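Visitor: Hi, I've got a model open and I'm new to this. Can you walk me through part of it?

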Amino acid sequence: MDDGFPARLTRLSRRLLESGGAPARAIEQAMREVTGLLSPGRHIPDLLARPAGLVRTVTEFGANPGALGMLLYEPARPPRRGAPLLVLLHGCGQDAGAFALASGFMALADRIGAPLLLPEQRPDNNRGRCFNWFEPGDIRRGGGEAASIRAMVAAALARFDGDPGRVFVAGLSAGGAMAAAVLAAYPDAFAAGAVVAGLPVGAASDVASAVARMRSAATETRATWAARAASVGAGGSVLPRWPRLSVWHGAADPAVDPA
């Protein structure tokens, strides 16, 4: 796939999301464009068909110290009582809804009958629309963007009568780094998480160090990384049970050092 594939795929996904009652021909044309982005012999699953459910904007969900936006994807089949909650954090410059569609998470939500929570960064917070995973005030328990995401989780669980013991978070790039941060800040709120092409908690403390760490990973001991993760939680205390964590990273990633 060419270098522009992710951005072009996101744009096409956004068009599908915004198509509303568009005729089938328009959707089919967009799907043909997606197929045309793929190299010969490749194909994609039917993940980009217009979702059966609805994307809703939620303006009132409690404390929002990080000034993030909240979107919810509600599957066409109403989630059953006690359903899990999926939280997806987009990467820099991405639209939360289009990313959820392009990545297949909307299809997953439809398949398992679970709501999908989509926190969204605003340009006022970060011009690149990146979650501020490198700002200490945005990743500590009780403040900043991490606290906003936690408030969204509580609001979504209440709205759908979901299972607080089955909340899962996944994120890509800056969203992956923020996923790691919210797992560390609120380990009691998540059962598990996945970090895709992200960075560990405490890898940076400002924009300059974030850029440096993306280009070249810091060499630290396990104890140091563990201490940094624990420090953003409740007084640095370590819980008897931490969330399970899955880490995914391409060995040839040109943007974030895989190390």
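Guide: Start with the second largest pocket: helix 9 gives the largest share of its lining, four residues. This is a predicted model, where local features need pLDDT of at least 70, side-chain atom pairs count only at pLDDT 80 or more, and totals for chains, interfaces and linings use all residues. Residues are numbered from 1 along each chain as its sequence is written, and side-chain values use heavy atoms, leaving out hydrogens and water.

Visitor: Which elements each supply at least two residues of that lining?

Guide: Helix 7, helix 9 (222-231) and strand 7 (244-248) do. Helices (H or I, at least four residues) and strands (E, at least two) are DSSP runs, numbered from the N terminus.

Visitor: Is helix 7 mostly enclosed or open?

Guide: Largely enclosed by the rest of the structure, because twelve of its twelve residues are buried. Buried means under 20% relative accessible area, exposed over 50%, partly exposed in between (1.4 Å probe, protein chains only). Met178 is one of those buried residues.

Visitor: New topic. Where is Asn132?

Guide: Asn132 sits in the loop between strand 4 (116-120) and helix 5 (136-139).

Visitor: Why does it count as buried?

Guide: Because its relative accessibility is 6%.
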